[in-house]
Amino acid sequence: MIDLDRHDSLASMLREAFDRYGDDLCLIEADRDRERCRLTYRELRAAVLMLAGEFAQQRVRRVAILMTNQSK
């Protein structure tokens with residue numbers, strides 16, 4: 001388990017989780033009646049880094065997220 005008191009940011013906590021849990025299952029996205037996808041910590045890290053790279057390329061400095069508990 002990750003000690004949240006040791007981290008001063010979400011990014012720091014995620015880095016530890018990505019390093020520690022690698023190929024373990026991180027996320028299951030599902031509707032009420034079917035599973036949509038599964039991601040390991042390694043796969044989620046790759047997606048996060050890709051999105052961060054896109055933000056940096058576009059010089060995005062701040063991001064806000066407003067969403068339901070579903071990705072689509």
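The legends below describe close-up views of one predicted model. Local features need pLDDT of at least 70 and side-chain atom pairs count only at pLDDT 80 or more, while totals for chains, interfaces and linings use all residues. Residues are numbered from 1 along each chain as its sequence is written, and side-chain values use heavy atoms, with hydrogens and water left out.

View 1. A pocket is an open set of points on a 1 Å grid over the protein atoms alone, where a 1.4 Å probe fits, with protein on both sides within 12 Å along at least five of seven lines. Lining residues have an atom within 4 Å of a point. There are 27 of them, and Leu 14, Leu 44, Val 48, Leu 51 and Ile 65 are the closest to the centre. Helices H1 (10-21) and H2 (41-57) and strands E1 (25-30) and E2 (35-40) each give two or more residues. H2 gives the most, with 8. Helices (H or I, at least four residues) and strands (E, at least two) are DSSP runs, numbered from the N terminus. The lining has 20 nonpolar, 3 polar and 4 charged residues.

**View 2. A nonpolar surface patch around Ile 65.** Val 60, Val 63, Ile 65 and Met 67 make this patch of about 410 Å². Patch residues have over 30% relative accessible area and no salt bridge, and nonpolar side chains are joined within 5 Å. Areas come from the Shrake-Rupley method with a 1.4 Å probe. Ile 65 lies in the segment after H2. Ile 65 is exposed, at 70% relative accessible area (buried is under 20%, exposed over 50%, partly exposed in between).

**View 3. Arg 20 and Glu 16 in helix H1.** Their side chains form a salt bridge, 2.9 Å from N to O (a Lys or Arg side-chain nitrogen within 4 Å of an Asp or Glu carboxyl oxygen). The two are 4 residues apart, so about one helical turn separates them. Glu 16 is buried at 13%; Arg 20 is partly exposed at 44%. Arg 6 joins both in a network of salt bridges.

**View 4. Arg 42 and Asp 23.** This salt bridge has its closest N and O atoms 2.9 Å apart. It links distant parts of the chain: Arg 42 is in H2, and Asp 23 is in the loop between H1 and E1, 19 residues away. Asp 23 is exposed at 55%, and Arg 42 is partly exposed at 49%.

Definitions and conventions: Ala, Val, Leu, Ile, Met, Phe, Trp, Tyr, Cys and Pro count as nonpolar, Asp, Glu, Lys and Arg as charged, and the others, Gly among them, as polar. Patches are made of residues with over 30% relative accessible area and no salt bridge: like charges are joined within 9 Å, nonpolar side chains (Val, Leu, Ile, Met, Phe, Trp, Tyr) within 5 Å. Buried means under 20% relative accessible area, exposed over 50%, partly exposed in between (1.4 Å probe, protein chains only).
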